[in-house]
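Thanks for coming. I will take the sheet first, then the helices around it. Please look at the model while I talk.

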Amino acid sequence: MSNNCIIAWMDDLQMSAHLAKISTTHSYQLQFCDAIDQISDISEPAALIIDLNSISEENLQRIVESKRIHNIIVMGYCQELNGPLLNYFKKMGCEMVFRRSELINNLGSILNKILDAP
């Protein structure tokens, strides 16, 4: 069984269902959160997936601060994505930023590469 964890900060039923299927298939732990203090309980390597359309800038900054303490990779997605928006989220501290449609189509392979990498 894997010690890897997926943390989801979103209000997106389709993405949540997709994450549940992937986490079951690969034995990843899956945690949904909507508060910063829920993230601080993570001790194993984790991928944090954030719906960037529904998170405040303050919460995003606090998440980036917490990733310095924990082994967390921050992935964000939004409905529409352009160059300036991509640069903004990267500067805010997201390692990876995707259009929602791109992420949902490639989520399994992205998480496998991140979480199962030696």
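Two strands count as paired if DSSP finds at least two bridges between them. Helices (H or I, at least four residues) and strands (E, at least two) are DSSP runs, numbered from the N terminus. This is a predicted model, in which local features need pLDDT of at least 70 and side-chain atom pairs count only at pLDDT 80 or more, while totals for chains, interfaces and linings use all residues. Residues are numbered from 1 along each chain as its sequence is written, and side-chain values use heavy atoms, with hydrogens and water left out.

Now the sheet. Five strands form an open sheet in the order E2-E1-E3-E4-E5, and the pairing is parallel. Strand E2 (29-32) and strand E5 (96-99) are at the edges with a single partner strand each, so one side of each has no neighbour in the sheet. On average, neighbouring strands are turned by 20° against each other, direction ignored. For angles in general, axes are lines fitted to C-alpha atoms, for helices over the stretch in contact, and angles run from 0 to 180 degrees between N-to-C directions.

Strand E1, residues 5-9, pairs with E2 over four bridges, and Cys5 stands opposite Gln29 in E2. E1 is also joined to E3, by five parallel bridges; there, Trp9 has Ile50 as its bridge partner. E3 and E4 run parallel and are joined by six bridges, with Ile49 opposite Met75.

How many residues of E3 are buried? Six of six, where buried means under 20% relative accessible area, exposed over 50% and partly exposed in between, with a 1.4 Å probe and protein chains only. Ala46, Leu48 and Ile50 point one way, Ala47, Ile49 and Asp51 the other.

Next, the helices. E3, helix H3 (residues 57-67) and E4 make a right-handed β-α-β unit; right-handed means that, with the strands pointing away from the viewer, the path from the first strand over the helix to the second runs clockwise. Helix H4, residues 83-92, lies across E4 and E5, at about 150° to E5.

Buried residues in H5 include Leu103, Leu107 and Leu111. Their cover includes E1, H1, E3, E4 and E5, with contact meaning heavy atoms within 4.5 Å.
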